[in-house]
Amino acid sequence: MSLLVRAEADGSLLLESKINPNTAYQKQQDTLIVWSEAENYDLALSFQEKAGCDEIWEKICQVQGKDPSVEVTQDLIESEEEHVEEMPETSPLIDLPTCELNKLEEIADLVTSVLSSPIRREKLALALENEGYIKKLLQLFQVCENLENTEGLHHLYEIIRGILFLNKATLFEVMFSDECIMDVVGCLEYDPALAQPKRHREFLTKTAKFKEVIPITDSELRQKIHQTYRVQYIQDIILPTPSVFEENFLSTLTSFIFFNKVEIVSMLQEDEKFLSEVFAQLTDEATDDDKRCELVNFFKEFCAFSQTLQPQNRDAFFKTLAKLGILPALEIVMGMDDLQVRSAATDIFSYLVEFSPSMVREFVMQEAQQSDDDILLINVVIEQMICDTDPELGGAVQLMGLLRTLIDPENMLATANKTEKSEFLNFFYNHCMHVLTAPLLANTAEDKCEKDAVVGSTKSNTICPDNYQTAQLLALILELLTFCVEHHTYHIKNYIMNKDLLRRVLVLMNSKHTFLALCALRFMRRIIGLKDEFYNRYITKGNLFEPVINALLDNGTRYNLLNSAVIELFEFIRVEDIKSLIAHIVENFYNALESIEYVQTFKGLKTKYEQEKDRQTQKLSSVPSILRSNRFRRDARALEEDEEMWFNEDEEEEGEAVVPPVEKSKQEDDFPDSYEKFMETKKAKESEDKENLPKRTSAGGFKFTFSHSAGAANGANGANGKSMAAQTSPAGSNGSSSKAATLSSAVTATKGSLVGLVDYPDDEDDDEEEETSPRKRPRLGS
């Protein structure tokens with residue numbers, strides 16, 4: 001039987017090793033199997049999970065007839081005796097030289113020579129353990145230091161460093177005991193590569209101070225904390241960074257620190273009296289700032305240690321903190337003036353959000369029932385993000401990431417009793433969204449923009465503040481809003497409509513900071529990417545392509561990211577054939593864009609527009625000519641009563657809500673619902689109409705009804721629009737014959753409202769009437 005290792009990418013064979021009955025295989029740290037195949041040829045298999053390692057280990061033990069519970073498949077003494085010819089100088093357990101000053105060089109050579117062979121490392125470790133050799137070496141260190149024997153100290157450095165690389169937990173227990181650890185650190189000060197020894201012991205005993213925020217009475221816990229700090233110091237500071245080939249040499253040292261941290265967290269967690277006292281002092285108003293800073297830093301370190309726990313233990317840990325009131329305590333300290341305290345509190349908050357976003361969401365929703373919006377935890381987080389004093393907004397970026405996790409529907413739970421997504425998003429948009437968008441709305445207000453306009457600039461007067469830090473902040477807010485557009489379809493749609501948010505965002509297209517202009521453009525691109533006719537109608541009615549096209553023209557012939565991004569936006573509209581937007585762009589902006597010939601995008605838009613126009617003309621030309629006669633013209637334009645009522649109501653709302661100023665009436669909140677209900681009714685009627693189209697009236701003629709916006713209907717029929725719609729109903733001899741065919745495909749959006757793409761020969765009078773008002777619909781000649 002052989003061990004085969006294949007590449008994950010292409011399945012190619014990386015290793016084939018026959019399992020020899022006499023080879024000594026060794027299992028280390030549950031995820032590592034090591035063995036030697038020839039002199040100076042050692043192999044190791046590292047597994048991602050313990051289960052995989054155990055499975056292969058059982059197969060090896062099965063071939064060699066060993067119990068899988070053993071850690072070494074062959075007795076090391078027998079194995080070594082079989083290789084006497086290869087290593088005649090070694091006895092079964094390796095004879096250690098006597099521990100004397102004149103033997104230090106010999107000991108150092110022995111220790112460094114065995115590191116290349118796992119079997120010899122194992123045997124040396126057993127010899128050192130059995131003879132209490134390490135303590136004897138440390139006594140020699142004190143002698144050498146007293147005699148200032150530099151050569152001996154250099155040898156001791158090599159010896160102690162080599163013993164650490166043996167990677168044996170039993171040796172670490174001796175070396176890191178209170179009795180020995182400072183001498184071990186002392187030996188490691190005398191690196192032969194350094195001209196002067198380092199003063200690590202001085203730092204550990206005099207400079208590094210152990211701070212107890214609350215006195216720790218458990219002596220075992222205190223000793224474990226001291227030991228962990230010192231061992232971590234040895235690993236991070238004293239020992240050189242291991243090369244790729246040495247990483248596994250210190251794996252047991254890493255495990256030693258890891259398990260120490262687990263023990264510390266478990267012991268602290270079990271001492272509820274201690275944790276309760278910490279929380280009480282943290283939230284007590286009488287606690288002075290220095291003390292509070294220490295308490296917050298303690299919790300930060302505590303949470304960092306908790307990451308070493310197994311998942312089930314980590315759950316219990318955070319539940320304990322939640323029960324003791326970590327979130328209300330964070331709310332207090334995150335609002336403090338001290339930058340260090342706020343930074344540490346943010347780190348703790350990130351641990352909590354990463355552990356359980358639902359726990360944080362549940363807390364803030366309960367809190368909303370008892371507190372004002374200003375002091376809600378999420379609003380405190382948003383305010384910290386907005387008020388970050390760092391020019392690069394490092395803290396704000398971290399907080400923005402946490403907010404995005406909290407508002408991400410992907411990690412929200414849905415149970416039989418409640419839907420976290422709808423509840424939390426309702427809460428967020430009602431209580432928090434206005435805080436998040438406040439800087440954006442404040443910096444894009446007309447009076448603000450005019451005040452900050454650059455004198456003599458060729459750009460329009462709506463130039464946003466060009467302070468770099470403000471621009472960075474607005475970019476972060478836009479990134480979060482773009483995330484909302486992608487993931488919160490209904491809530492963000494209502495918010496954008498009611499606040500006319502896209503118009504305000506597009507003011508930023510004038511910023512001198514291209515990254516901010518690109519953020520604004522990305523926001524619009526995400527909206528258009530949804531291909532939602534409701535958004536498209538909002539864009540065309542508000543003429544919101546104008547700032548984008550102005551930015552493209554202002555950019556001139558520069559071939560940069562802004563140029564490419566704007567063209568990609570229009571290319572998307574062309575490829576996806578979004579008819580309402582194509583018609584709006586061609587009718588309103590083609591003259592400005594036709595000179596751009598280095599891409600075919602704008603010519604392509606024009607072609608699409610003309611193809612659609614021809615298609616609609618052909619559709620209507622196939623209709624009997626009697627439909628276009630004067631006698632039946634009014635009937636053909638009459639709206640069905642329920643459609644007209646909705647459109648009249650729609651125009652009034654949009655006049656206030658979608659087009660600035662942004663003051664909104666209460667009716668606006670219902671606007672999306674009424675639109676969706678109308679569309680459902682309209683589709684039902686259309687399907688019915690297809691069966692009855694065209695219907696012959698009792699007079700022997702035909703009857704059509706075109707669907708238009710209220711503004712267009714009023715333009716065509718004047719104040720008598722309603723009465724005319726009513727008059728058409730009794731024209732038929734029965735109810736079904738009064739049905740009307742609605743050609744909604746012949747209607748497309750333009751700057752002011754919806755437009756019929758086909759006109760009649762006798763439209764001149766109506767056209768003149770419509771041109772008197774900007775709300776009227778312009779006609780395109782057939």
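1. Ala, Val, Leu, Ile, Met, Phe, Trp, Tyr, Cys and Pro count here as nonpolar, Asp, Glu, Lys and Arg as charged, and the others, Gly among them, as polar. The model is predicted: local features need pLDDT of at least 70, side-chain atom pairs count only at pLDDT 80 or more, and totals for chains, interfaces and linings use all residues. Residues are numbered from 1 along each chain as its sequence is written, and side-chain values use heavy atoms, with hydrogens and water left out.

2. The largest nonpolar core has 136 residues. Such a core is a set of buried Ala, Val, Leu, Ile, Met, Phe, Trp, Tyr and Cys residues joined through side-chain atoms within 4.5 Å; buried means under 20% relative accessible area (1.4 Å probe, protein chains only). Phe 349 and Phe 545 touch the most other members. Helix H23 (residues 468-487) gives the largest share, 12 residues. Helices are DSSP runs (H or I, at least four residues), numbered from the N terminus.

3. This core lies between domain 2 (103-401) and domain 3 (465-618), because both give residues to it. The domain bounds come from an automatic or database domain assignment.

4. Beyond neighbours within four places in sequence, Phe 545 has contacts (heavy atoms within 4.5 Å) that include Met 524, Ile 528, Leu 569, Phe 570 and Phe 589.

5. A second, separate core has 51 residues, among them Val 114, Phe 141, Phe 172 and Leu 188.

6. By class, the lining of the second largest pocket has 15 nonpolar, 4 polar and 8 charged residues. H13 gives the most to this lining, with 8 residues.

Note on methods. Buried < 20%, exposed > 50% of the residue type's maximum accessible area, 1.4 Å probe, protein only. Helix = DSSP H or I, 4+ residues; strand = E, 2+ residues; numbered from the N terminus.
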